[in-house]
Amino acid sequence: MSNLCECGCGEEVIPGRRFRQGHYSRTTKAREGYESRRKSVEAPNPSGLCMCGCGETTPIYTKTVPVRGYRKGDHWNYMPGHWVPFGEGNPAWKGGRWKHKTGYIYVYAPEHPSANHDGYVLEHRLVLEKTLGRYLEPNEHGHHINGVKDDNRPENLVALTKNAHHALHGAEALQRYRREHPGIHSRAGKLGAEARWGKKEAK
């Protein structure tokens, strides 16, 4: 039994195989099959309009790439940047609630006045607004009483002004620093410097 590739290239193949890898596509049968499939399949976007619904006419492919399904002369399915919808139409949609790397929970609420460019709002902000019966002011922050950023129970949240919130977290950070560094009474100034680096000897 011959161990030569049946595409006619004359190269040897692994025993038990008829073609070298990728060589079957060179045969007349493979080419005829590809042409028949290409002609029988309808264009993916016969209307030529962007499938996101914007109404714009999409560009046309200038070459054929069978592996990706591109055919010369066919219209693109979407305009550049239009193929990824936001919200429930996105393939990565997980129900509209996700946890940020900072620990806060975000909820999809595109109609909310405080929504970011992707349509998400901090969950604790929504919970506070429902409890208060009004939108939080731009200078108001939601504070987690127990310090757990994803614990958004109404009883664990309180609305504070931006300055009061920062001052509160600054005081907590200072207390935490003092607990972790006993004997250091100030992070700045003479006492703190002496505790960290030692007292300088007089020259």
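This is a predicted model: local features need pLDDT of at least 70, side-chain atom pairs count only at pLDDT 80 or more; totals for chains, interfaces and linings use all residues.

User: What qualifies as a salt bridge, and how many are counted here?

Analyst: The criterion is a side-chain nitrogen of Lys or Arg within 4 Å of a carboxyl oxygen of Asp or Glu. By this rule, the model contains eight salt bridges.

User: Which parts of the chain does the pair Glu123 and Arg97 link?

Analyst: The side chains of Glu123 and Arg97 form a salt bridge with an N to O distance of 2.8 Å. This pair links distant parts of the chain, since Glu123 belongs to helix α2 (residues 123-132) and Arg97 to strand β1 (residues 97-99), 26 residues apart. Glu123 is buried, at 14% relative accessible area, whereas Arg97 is partly exposed, at 48%.

User: Where in the chain do Arg18 and Glu6 lie?

Analyst: Their side chains, those of Arg18 and Glu6, meet in a salt bridge at 3.0 Å, N to O. Both Arg18 and Glu6 lie in the segment before α1 (28-40), so the pair ties together parts that are 12 residues apart in sequence. Glu6 is partly exposed, with a relative accessible area of 45%.

User: Is Glu140 buried or exposed?

Analyst: Buried means under 20% relative accessible area, and Glu140 has 13%, so Glu140 is buried. Its salt-bridge partner is Arg134, with the closest N and O atoms 3.1 Å apart. Arg134 is partly exposed, at 37%.

User: Which residues are linked in a network of salt bridges?

Analyst: Such a network joins Asp151, Arg153 and Glu155.

Methods: Residues are numbered from 1 along each chain as its sequence is written. Side-chain values use heavy atoms; hydrogens and water are left out. Helices (H or I, at least four residues) and strands (E, at least two) are DSSP runs, numbered from the N terminus. Buried means under 20% relative accessible area, exposed over 50%, partly exposed in between (1.4 Å probe, protein chains only).
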